[in-house]
Each structure stands twice: as C-alpha cells, then as structure tokens.
Amino acid sequence: MEDVPTSVLSAERCHLGEGPTYDATTDTAWWFDIRECRLFEHRFADGRTSIHKLPNMASALARIDDIRQLMLTEDGLYVREIANGRLTLFAALEADNPVTRSNDARVHPSGTFWMGTMGKRAEKGAGAIYALHRGQITRLYPEVTIPNAICFSPNGDIGYFADTGKNVLYRVPLDAATGLPLGDPAPFIQHKGVGGIDGAVVDADGLIWNARWGGGCVDVYDPAGKRLRSLRVPAKQSSCPAFVGRDFSKVLVTSAWQDMDEAARAADPGHGQTFLLDAAARGRPEPDVKLS
C-alpha cells in the first residue's frame with residue numbers, strides 16, 4: 001500500500017458518497033451523497049464547499065455547457081441549471097420501477113453518456129447499463145447487480161465497466177466516434193481479496209484508477225490489467241475517484257458509511273469524508289455530454 005500526501009477536501013460525512021466529476025472551465029468539483037439526496041459543489045478558487053439538497057436520489061452529472069449540466073437520478077435524466085439548480089426532465093429512465101435507482105456513469109470522449117441502474121437493496125440482476133447517444137437511450141447490458149467503474153480509454157476505442165456483485169471489471173471494444181459497443185464485453189480483471197471493484201476513471205496514459213470499496217484504497221491498473229499501484233485512502237469504503245486541479249494531477253476520492261454500525265464507524269475515523277490525494281497523476285478533462 002502506497003501513502004501519498006492526502007488531505008480532507010470535505011469533512012461532511014456522506015452516507016454514500018459517489019459520482020465525483022470536475023469541471024475544468026470553472027475549477028469546480030462536484031459529487032453526490034446518493035442516500036441523503038445531496039449534491040456537493042467545491043470551488044477550488046476559494047476553497048468553499050456548498051451542499052445542494054435534491055428532490056430525490058441522484059448519482060452522477062456531466063457538463064453540457066457553461067450554464068447547464070445533465071444529472072442522473074433514480075427516475076431519469078434531468079437538465080440542471082448551474083446558476084439556480086432548477087431541474088427539467090430530459091428523459092425518464094426506469095421511472096416505473098420502484099426497485100431501482102441510478103448509480104455509476106461517465107461521458108465517453110464522443111459525448112455519449114453511459115449510465116447504470118441497480119436495485120436500491122442491491123437486488124441481484126435488478127440493474128442495467130445504458131447509453132444516451134444522440135438523444136436516445138439504449139439499454140446495453142441487462143441483469144447487472146451493481147454497475148460501477150464505467151470509464152473509457154483516452155481515444156475512446158475501449159470501454160470498461162464492472163459488476164461489483166461479481167467483482168469483475170469488463171472491457172469492450174467501442175466505436176470511438178459514437179461510444180457504442182462493437183463487440184461483446186469480456187472479463188478483464190477479476191478482483192480477489194479484500195474489498196470490491198467500485199468507481200473508476202482512466203488517465204491520459206490509459207491507466208485505470210479504481211476505488212476499492214472495503215479496501216480503503218485506489219488501485220491503478222495498466223491497459224493489460226496489471227496492478228501498478230495501490231494508494232491508501234483514509235476511509236475503508238472508498239467509492240470513486242476523479243482527477244481534479246488545473247493540471248489534473250490530484251485525485252478526489254469519495255467514501256461512504258453505508259451499512260456500517262456505530263462500532264465500525266468508530267474504527268474508521270474518515271468514514272464518509274471526501275479526500276484529495278496528491279498522487280502525481282496524469283489525468284485528463286471530462287468531455288461534455290451531447291444531448292443530440
């Protein structure tokens with residue numbers, strides 16, 4: 001386990017911290033507390049963190065342009081106005097299924113938005129992975145238990161995703177121009193040992209940075225699946241990383257206290273906090289989502 005300079009970006013504890021992303025145009029990080037229906041906004045320029053209350057559970061967002069974001073929630077996709085937080089439904093997603101909610105998501109370099117759903121109690125096979133492409137939602141992979149680690153190679157020709165219920169990271173060839181699959185997914189990494197595969201992001205060199213839920217770390221894999229580094233996170237249930245900072249050299253990592261009793265929380269002082277790792281990363285900006 002590798003120790004790197006680490007600080008607490010936000011001491012506010014998340015029941016289920018997830019979905020971090022970074023808007024380089026405003027030097028702002030965003031992430032969610034899914035269970036408590038909260039959206040966090042951290043502006044690095046002044047070091048302030050704001051918390052926005054949401055009407056329902058949400059798990060991910062992407063930048064559309066300077067004034068709008070696309071937010072993934074338990075019943076669909078909403079356009080969010082950054083200035084006032086106003087939400088407008090763009091497209092329903094499993095809105096008629098009370099069992100499920102949204103989970104992991106990320107934008108492909110082409111602007112296509114991959115997103116996952118799962119059972120609110122992690123019911124086996126209740127979720128799926130979808131793609132929003134040219135305004136249309138297509139179901140890519142059904143019967144997923146816990147969709148995670150959605151991310152893409154720098155040129156967009158490879159997609160990755162995990163089913164944490166199986167603790168397997170898959171890879172699939174993609175059309176780089178559309179972000180849609182060209183073949184079937186194949187198991188890429190089968191994690192064995194402590195913890196499970198959770199959220200992930202790919203850096204400028206094609207390395208996969210994966211938060212290990214229950215392992216208190218971020219594992220870094222090369223494109224062949226070899227683990228190169230394991231960076232310690234001061235919370236056992238580390239959930240998802242994102243590259244932040246003007247040079248994308250730092251890694252924001254969310255965490256959670258979900259399913260931890262009082263004794264477990266006492267033994268894990270950083271539970272639910274959000275951290276900043278000075279990891280000497282070579283990250284890259286997140287692409288804007290395209291709605292049409």
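**Figure 1. Surroundings of Val 172 in the predicted model.** Val 172 touches Trp 114, Tyr 141, Asp 157, Ile 158, Gly 159, Pro 181, Gly 183, Asp 184 and Pro 185, not counting residues up to four places away in sequence; contact means heavy atoms within 4.5 Å. Val 172 belongs to strand β16. Helices (H or I, at least four residues) and strands (E, at least two) are DSSP runs, numbered from the N terminus. With 1% relative accessibility, Val 172 counts as buried; buried means under 20% relative accessible area, exposed over 50%, and partly exposed in between (1.4 Å probe, protein chains only). The C-alpha atoms of Val 172 and Leu 182 are 7.7 Å apart in space, and the two residues are ten apart in sequence.

This is a predicted model, in which local features need pLDDT of at least 70 and side-chain atom pairs count only at pLDDT 80 or more, whereas totals for chains, interfaces and linings use all residues. Residues are numbered from 1 along each chain as its sequence is written, and side-chain values use heavy atoms, with hydrogens and water left out.

**Figure 2. Overview of the protein.** The protein contains one helix and 24 strands. Its radius of gyration is 17 Å, close to the 19 Å that the globule rule gives for 292 residues, so the protein is as compact as a globular protein of that length. The radius of gyration is taken over C-alpha atoms, and the globule rule is 2.2 Å times the number of residues to the power 0.38. Along the principal axes, the C-alpha trace spans about 45 × 45 × 40 Å. Of the 292 residues, 58% are buried. Among contacts between residues at least 6 apart in sequence, 46% join residues at least 24 apart. The accessible surface amounts to about 12,000 Å², and 49% of it belongs to carbon and sulfur atoms; accessible areas come from the Shrake-Rupley method with a 1.4 Å probe, and for residues only the protein chains shown count as cover. There are 32 positive and 37 negative side chains, and the centres of the two sets lie 1 Å apart. Lys and Arg count as positive and Asp and Glu as negative, while His and the chain ends are not counted. The place of a charge is taken as NZ of Lys, CZ of Arg, CG of Asp or CD of Glu.

**Figure 3. Met 71 in strand β7.** Strand β7 covers residues 68-73 and includes Met 71. The relative accessible area of Met 71 is 1%, and the residue is buried. Beyond residues up to four places away in sequence, Met 71 touches Phe 32, Leu 54, Ala 58, Ala 60, Leu 61, Gly 76, Leu 77, Tyr 78, Arg 80 and Leu 87. Between the C-alpha atoms of Met 71 and Leu 61, ten residues apart along the chain, the separation is 4.2 Å.

**Figure 4. Leu 93 in the loop between β9 and β10.** Leu 93 is buried, with a relative accessible area of 5%. Neighbours within four places in sequence aside, the contacts of Leu 93 include Leu 72, Glu 74, Asp 75, Gly 76, Met 115, Thr 117, Tyr 130 and Ile 137. Thr 117 is 24 residues from Leu 93 along the chain, and their C-alpha atoms are separated by 8.9 Å.

**Figure 5. Thr 164 and its polar contact with Ile 197.** Thr 164 occupies the loop between β15 (158-163) and β16 (168-173). Its relative accessibility of 18% places Thr 164 among buried residues. The side chain of Thr 164 reaches the backbone oxygen of Ile 197 at 2.6 Å. A polar contact is a pair of N or O atoms within 3.5 Å; within protein, one must be able to donate a hydrogen and the other to accept it, and residues adjacent in sequence count only if both atoms are side-chain atoms. Not counting residues up to four places away in sequence, Thr 164 touches Ile 146, Asn 148, Ile 197 and Asp 198.

Figure 6. Most residues other than glycine have a negative phi. Asp 27, although not a glycine, has a positive phi of about 55°. Asp 27 lies in the loop between β2 (17-23) and β3 (28-33) and, at 11% relative accessibility, counts as buried. Phe 248, likewise not a glycine, has a positive phi of about 55°. Phe 248 lies in the loop between β22 (238-244) and β23 (250-255) and is buried, with a relative accessible area of 12%.
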